[in-house]
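Work through the following exercises with the structure at hand. Each task is followed by a solution in steps.

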Amino acid sequence: MALTTAAFDWVRTLVRKESAIVLEPGKEYLVESRLVPLARAAGATDVSAYVDGIRLRPDRRATTAIVEALTTNETSWFRDGAPFQAFSTSVVPALKQARAATRSLRIWSAASSTGQEAYSLAMGLKDGVVSEGWRAEIIGTDISSEVVEKAKAGRYSQLEMNRGLPAPLLVRHFTRVGTQWQVNDDLKRMVRFQQLNLTSSYAALGQFDVVFLRNVLIYFDLETKRDILSRVRKVIKPGGYMFLGGAETTLGVDDNWDRELIGRVSVHRPKNGGQA
Amino acid sequence: MRALVVDDSRAMRKIIAGALRKLGYETVEAADGAEALKVLGEGPLPDLATVDWNMPVMDGLTFVTQVRANREYRALTLMMVTTEAEHGQIVRALAAGAHEYLIKPFTVEALEEKLSLLGLLPEVSQA
């Protein structure tokens, strides 16, 4: 049975309230496909029946599970390719000059999902940065505590490993454990994951040289986008950078950013060098 | 772009060749390494060969080794597409001269991403 309007409306209100992520009408299929495993696990006949059960007797664990199921995304290694190329060939060399005194880089993967972006960045920083005695720290955050745990474990299925990871990097940075692949410890030590809702405070995160905020703003309404961008500006060190997803922009949302084109990739930098 | 699909399973050849054609490739097929070498000998040289590991007559690793030993085939990009998934096997295939390694089962997105890594995703199919 298709998802009822009442069930869909209840779910999107819940997700909007808990995560500020907006599920427009027309996303019923998404809600249904993501909630099928939860409905099955709960023994419900279908997703509408599952949602109805929780609507009548709200239960924190169930509502958290629903929000998490709808706020996580399938992801690949070096997703979209070009931003990582721009990072390695232009941004990192520029930062190596700018930060020569401290020899330290901090990167924030701000919607880290199951960790592929953060570990991809770590692979990119291993040669030429860490190998030259620099310190590189990558912080991955995600709203879903479930995916944060998976990212921390650094263990991936064969299907996940097939997604965009160059074979030479696979053999260098992963070890096969049963049917899965485990990120090697040297890479794992460069990356730290924690649960964070992008609508809450970033005060505990510290300052960053580069923020990857890709393919997450699209889920928020304009006011929330503006709020997130203005607060991300404040955690970027002077001379730092932000990467957005290919379909995302600061234009008309928060105009306190300069855009620079590296190849066909737009990078964003806080105007006037940023605030310390 | 042209691709040579080397696999002893006809069903698997169909899947891989079908996915490649959707991306804009012309495809030719071979059921084992020896047949694949024959196809290469008859020319023209494809841009890509997808190569299964376990095949009768001549296996994929031997095929890769022989292709890499022939300077005329230098421009051919080789991607293993196989169920063999041990760390050591991937190392062996790369050492023999394979450029990429895709493990079965795989999704069309995964195939596309591998081609993109190799710079072999036809422009028309790039988003």
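**Exercise 1.** Find which residue F208(A) stands opposite, and describe the strands around this pair.

Solution. The model is a predicted one.
- Step 1: F208(A) faces I236(A), a residue of β8(A).
- Step 2: β7(A), residues 208-213, pairs with β8(A) in the parallel sense, over five bridges.
- Step 3: In β8(A), residues 236-244, seven of the nine residues are buried, so the strand is largely enclosed by the rest of the structure.

**Exercise 2.** Determine how helices α1 and α4 of chain A are placed relative to each other.

Solution. Two packed helices are described by the angle between their axes and the distance between the axes.
- Step 1: The axes of α1(A), residues 5-19, and α4(A), residues 60-71, come within 10 Å and cross at roughly 85°.
- Step 2: Angles of 65 to 115 degrees count as roughly perpendicular, and α1(A) and α4(A) are therefore roughly perpendicular to each other.
- Step 3: From α1(A), the residues V11(A), L14(A), V15(A), E18(A) and S19(A) meet T63(A), I66(A), V67(A), L70(A) and T71(A) of α4(A).
- Step 4: Sorted by class, this contact has six nonpolar, three polar and one charged residues.

**Exercise 3.** State how the two assigned domains of chain A touch.

Solution. 
- Step 1: The domain assignment gives domain 1 as 5-71 and domain 2 as 82-273 in chain A.
- Step 2: Taken over C-alpha atoms, the centres of these two domains of chain A are 29 Å apart.
- Step 3: Six residues of domain 1 are in contact with nine residues of domain 2 in chain A.
- Step 4: The domain 1 side of this contact divides into three nonpolar, two polar and one charged.

Definitions and conventions
Residues are numbered from 1 along each chain as its sequence is written. Chains are lettered from A and ligands numbered from 1 in the order in which they are written. This is a predicted model: local features need pLDDT of at least 70, side-chain atom pairs count only at pLDDT 80 or more; totals for chains, interfaces and linings use all residues. Domain bounds come from an automatic or database domain assignment. Two residues are in contact if their C-beta atoms, placed from the backbone, lie within 7 Å. Ala, Val, Leu, Ile, Met, Phe, Trp, Tyr, Cys and Pro count as nonpolar, Asp, Glu, Lys and Arg as charged, and the others, Gly among them, as polar. Axes are lines fitted to C-alpha atoms, for helices over the stretch in contact, and angles run from 0 to 180 degrees between N-to-C directions. Helices (H or I, at least four residues) and strands (E, at least two) are DSSP runs, numbered from the N terminus. Angles under 35 degrees count as roughly parallel, over 145 as roughly antiparallel, 65 to 115 as roughly perpendicular and the rest as oblique. A residue is buried if 20 or more other C-beta atoms lie within 10 Å of its own, exposed if 12 or fewer, and partly exposed in between; C-beta atoms are placed from the backbone. Two strands pair if DSSP finds at least two bridges between them.
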